[in-house]
Amino acid sequence: LWVDRWTPPSDDMDLVRQDSGADWLEANHGLCGTGVRGEVLDSGIQGNHQDFDGVLFHGANDVSSHGTSTFGIVFGNGARDGDGNAQATSHMPSSTGCPSQGIFADYGFLGDRFAHTRALKGAPYYASFQSNSWGDSLATAYNSISQQMDDIIFQLDMAILQSQSNAGSQQSRPQAWAKNVISVGGIRHYGTLSTADDSWPGGASIGPAADGRIKPDVSYWYDGIYTTTSGSTSSYTTSFGGTSAATPETAGVLGLMLEMWSENVWNTNPVGGTVYERQPTFSTLKALLVNNARQYTFSGTSHDLTRTHQGWGRPNVQVARERAARSLVVDQATRLTVGQAATYLVDVLPGEGELKVTMVYPDPPGTTSASLHRVNDVSLKVTAPDGTTTYHGNNGLLAGNYSTAGGSPDTIDTLENVFVQAPAAGTWTLEVRAAEINQDGYLTSRNITDVTFSLVATGAALHVDAPEGSDREP
């Protein structure tokens, strides 16, 4: 139990669009979620709400205020079609001008979750992500439900977002403890665009996971969100919140990044006729989301906005778009057997503000009785132009915004970052090594036990003479 500081309600899904860069992306580049398809899995929906045009239902559903609110945050069109309230405009306002496709499913009618998710990858859905602001009984341990989520994502290659919950402690939805899931925490913003007063005063559930993994992965606003609700075809609420709000806020940002990928913003030359066909793997989407997040400044593990409260920050599409010109993205393009490493040389220009490198690898479901829940161990190391200064993934980042040189490889997390402030100009070396392989981590390969990974580096560009992803034995 806890007592929160009272504050007046404020109306601001429109502020979320400003903070996340959604308004900027649409105004400057005309991107608003066109062609993106995703599912909101929740407790029910007012399906005939005036803000919902063309909802595609995945199974039977009841009417519920909660599901109506979460769906509205991702796909509600506000006043885009001549009715509704502009303050409720979502990140991907499904309308004539922004024809995204919102899919809704009611978890009250959910049967086999693996089969349900697999159906999203075919007609008539073709969904690229799923947003969940619900879950099973709170737990601090990686359990069979966490394991199930890891299996679903690992086998089906689906980006799934999960709310951390609202216990103000490590008591979290067991789905959020899954390695492959994108778990979302919550930070209070008190109805302003200024981050100076933002805080985590014991509201959202937090990490780390029981085995020490950094959770949540990202976070967004926890309080006072203006969005749709049930009751009538024109009902709104001014005070939707919790990680139930933060998760669809993040899902909307992910959807915009999917459209950016489809538009070849990162020069990856995706192939296909639709956003779904051109989409990257789930691990690349997760890496893009984390790498292009705005961190809250903090110092120390006891700080109110410490790493295990805010995750890696608030994902932002303006940051992603502006940094895309000098970036490197590897979308599971390299497979490694045990002991092998892939190396990438990237050039940093003089005066660069920061170098951010994110590595995510898909991992098979863990063992619930084990003290360590990752199965394979893939590690990130970044070496400065001097050839001697090295940064291991996540070293120093539990206690501060930027990496500490030296240290040792991270043997716990399946998501690793190196963030360097004011990096030295010159050629940097990025190394991804398969340190331990206990189970095949790449299902497409045959008769080979190997792993793959996604890598995103911003603030640098691939060195022109470098053989991208060259492998070498230890």
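A disulfide is here a pair of cysteine sulfur atoms within 2.5 Å, and the views below are taken from a predicted model.

**View 1. The disulfide of Cys32 and Cys98.** A search of the whole structure finds one disulfide, which joins Cys32 to Cys98 with an S to S distance of 1.9 Å. The link of Cys32 and Cys98 is left-handed, with -110° about the S-S bond. Because Cys32 lies in the loop between α2 (22-29) and β1 (37-42), while Cys98 lies in the loop between α3 (65-75) and β3 (101-106), the pair ties together parts that are 66 residues apart in sequence. Cys32 and Cys98 are both buried.

**View 2. The aromatic pair of Tyr220 and Trp221.** The count for the structure comes to 12 aromatic pairs. In the pair shown, the ring centres of Tyr220 and Trp221 are 5.7 Å apart and the ring planes stand at 75°, so the pair is edge-to-face. Tyr220 and Trp221 are both buried.

**View 3. Charged groups over aromatic rings.** The charged end of Arg314 sits over the ring of Tyr296, at 4.8 Å from the ring centre. In another such arrangement, Lys356 lies over the face of Phe419, 4.7 Å from the centre of that ring.

**View 4. The largest cavity.** Of the two cavities of 30 Å³ or more, the largest holds about 80 Å³ of space. Among the residues that line the largest cavity are Lys179, Arg213, Lys215, Asp217, Lys286 and Asp413, as well as Trp312 and Thr414. By class, this lining has six charged, three nonpolar and one polar residue.

**View 5. The second largest pocket.** About 220 Å³ of space lies in the second largest pocket, which is lined by 13 residues, with Phe154, Gln332, Tyr442, Leu443 and Thr444 lying nearest its centre. The elements α5 (144-156) and β12 (327-336) each supply at least two residues of the lining of this pocket, and the lining residues divide into six polar, five nonpolar and two charged.

Notes:
Residues numbered from 1 in each chain as written. Predicted model: local features only at pLDDT ≥ 70, side-chain atom pairs only at ≥ 80, totals over all residues. Heavy atoms only, no water. Phe/Tyr/Trp six-rings, centres within 6.5 Å; stacked < 30°, edge-to-face > 60°. Buried < 20%, exposed > 50% of the residue type's maximum accessible area, 1.4 Å probe, protein only. Lys NZ or Arg CZ within 6 Å of the ring centre and 35° of its normal. 1 Å grid on protein atoms, 1.4 Å probe; cavity = no way out; pocket = protein on both sides within 12 Å on 5 of 7 lines; lining within 4 Å. Points joined across faces, edges and corners; volume = space filled by probe spheres on them. Helix = DSSP H or I, 4+ residues; strand = E, 2+ residues; numbered from the N terminus. Nonpolar A, V, L, I, M, F, W, Y, C, P; charged D, E, K, R; others polar.
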